[in-house]
Amino acid sequence: MTSATQVPPAATPDTAPAQRRVLRVLVASQILSGAGLAAGVTVGALLAQDMLGSTGLAGLPSALLTAGSALAAVIVGRVSQTRGRRPGLTAGYLTGAIGSAGVIAAAVLDSPALLFTALFVYGAGTATNLQARYAGADLAAPGHRARAVSTVLVATTLGGVAGPNLTAPAGAFAETLAVPHLAGPFLLSGAAYVLAALVLALWLRPDPLLLARAVADTGREAGPAGGEPATSAQEGRGVALGALVMVLTQLVMVAIMTMTPVHMHDHGHGTAASGLVIAIHIGAMYLPSPLTGWLVDHYGRTRIAAASGVTLLAAGVLAATAPGDSVALLALALALLGLGWNFGLVTGTAIITDTVPIATRARTQGTVDVAVAIAGATGGMASGVVVAATGYPVLALACGVLSLLLLPVAAATARRR
């Protein structure tokens, strides 16, 4: 005799093995893509300055790159929402590779218009590199989401640190192909993005977002954090606060980072020195991620958001006061800048992932990254104008002071939790 009470509950997938596989594949792709995104950071401003003969527009490449990143974030988020993370991330990296090829063509043809168009397309690689962090959290347990995000981010370190240090060799290799020296790193970035896309297309199985939805459909996850579903008001506040943390940190970081190679070039440093400083900066952006993830999960989102503001202030003050001929002090300032950005990105990502339900998560994450990319575009565009009008120290100090806005944001987060 059977009854309804004897019917076994619907089986739910065991996500732990899948999460381990997903993280391994994401780590491999991020190592490759990290080398790809470093090219634009290291020589994009210098390439524009060389073509245009003006410092005032040297921030334009960074602005266009991040504007392209904004559009790509929307597209990658929407594709991921409808078809899963694998097709969304793969398409994003392939688009970044096309942008790399366009930059090389622009350098050969000495065409600023083509350069700016290609840098816009190239921004898709940056957007995709950041979107991958969300894929790492799709299957993570609520109490380990920040650490899962951090695992994906730290993988970018190897490629991100190696990329800028390959600037000089890549430039020399480019010259053997009749390509201008400064376009050399984009040969590396194009190959890196293609390889990252292949890794994801072949091995990101099961798709973490699609599997997470299947788990949610079984009732295993009632709300975005595994508890009671969030109300619309709570979701809106959480998205706004998480986005604001990431927007502020991105604006400050991009503005200072963009003009540091130009500042060093004006003080007689070559691409090898600026490449070293940017490599240290990118290492500080990603290498502390495991520790940051643990701190965010252990001590809470509020405290690490506040720590981000204080660290960015220290970076701005040091960059403003460091002598132009001191590579060591500029490297330390850029390391602090990267660390402050890391604190903000991991914290903001955790807040968003905690708040938004799985049914709309990818689309919302893509929209938030649009705001982050626009902030970066604003910082990149304004940085060249500010430096041309007042100098690099004023830019760095102003950005440091602006980062203090993270303190009231952190306080607002605390009141609403």
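User: In this predicted model, which residue forms a salt bridge with Asp297 in which the closest N and O atoms are 2.9 Å apart?
Analyst: Asp297 forms a salt bridge in which the closest N and O atoms are 2.9 Å apart, and this falls inside the cut-off of 4 Å between a side-chain nitrogen of Lys or Arg and a carboxyl oxygen of Asp or Glu. Asp297 lies in helix 11 (residues 289-299) and its partner in helix 5 (residues 145-165), so the pair ties together parts that are 150 residues apart in sequence. The residue that pairs with Asp297 at this distance is Arg147.

User: Is Arg147 buried or partly exposed?
Analyst: The relative accessibility of Arg147 is 29%, and a residue counts as buried under 20% and as exposed over 50%. Asp297, with a relative accessible area of 19%, is buried. Because its value lies between the two cut-offs, Arg147 counts as partly exposed.

User: How many residues apart in sequence are the parts that the salt bridge of Arg133 and Asp369 ties together?
Analyst: The side chains of Arg133 and Asp369 meet in a salt bridge with an N to O distance of 3.1 Å, and the structure holds 6 salt bridges. Arg133 belongs to helix 4 (residues 112-137), while Asp369 belongs to helix 14 (residues 361-390). Arg133 counts as buried at 0% relative accessibility, and Asp369 is buried as well, with a relative accessible area of 6%. The parts that this pair ties together are apart in sequence by 236 residues.

User: What kind of aromatic pair do Tyr93 and Tyr193 form?
Analyst: A search of the whole structure finds 5 aromatic pairs, and in the one formed by Tyr93 and Tyr193 the rings are 5.8 Å apart centre to centre, with 20° between the planes. Tyr93 is in helix 3 (residues 85-109) and Tyr193 in helix 7 (residues 184-203), so the pair ties together parts that are 100 residues apart in sequence. Both Tyr93 and Tyr193 are buried, and ring pairs also link them with Tyr122 and Phe186 into a cluster. Because planes under 30 degrees apart count as stacked, the pair of Tyr93 and Tyr193 is stacked.

User: Which helix holds Trp341, a residue 55 residues apart from Tyr286?
Analyst: Tyr286 and Trp341 form an edge-to-face aromatic pair, 5.5 Å centre to centre and with 70° between the planes. Tyr286 counts as buried at 3% relative accessibility, and Trp341 counts as buried at 2%. The pair links distant parts of the chain, with Tyr286 in helix 10 (residues 271-286) and Trp341 in helix 13 (residues 327-355).

Technical notes. Residues numbered from 1 in each chain as written. Predicted model: local features only at pLDDT ≥ 70, side-chain atom pairs only at ≥ 80, totals over all residues. Heavy atoms only, no water. Helix = DSSP H or I, 4+ residues; strand = E, 2+ residues; numbered from the N terminus. Buried < 20%, exposed > 50% of the residue type's maximum accessible area, 1.4 Å probe, protein only. Phe/Tyr/Trp six-rings, centres within 6.5 Å; stacked < 30°, edge-to-face > 60°.
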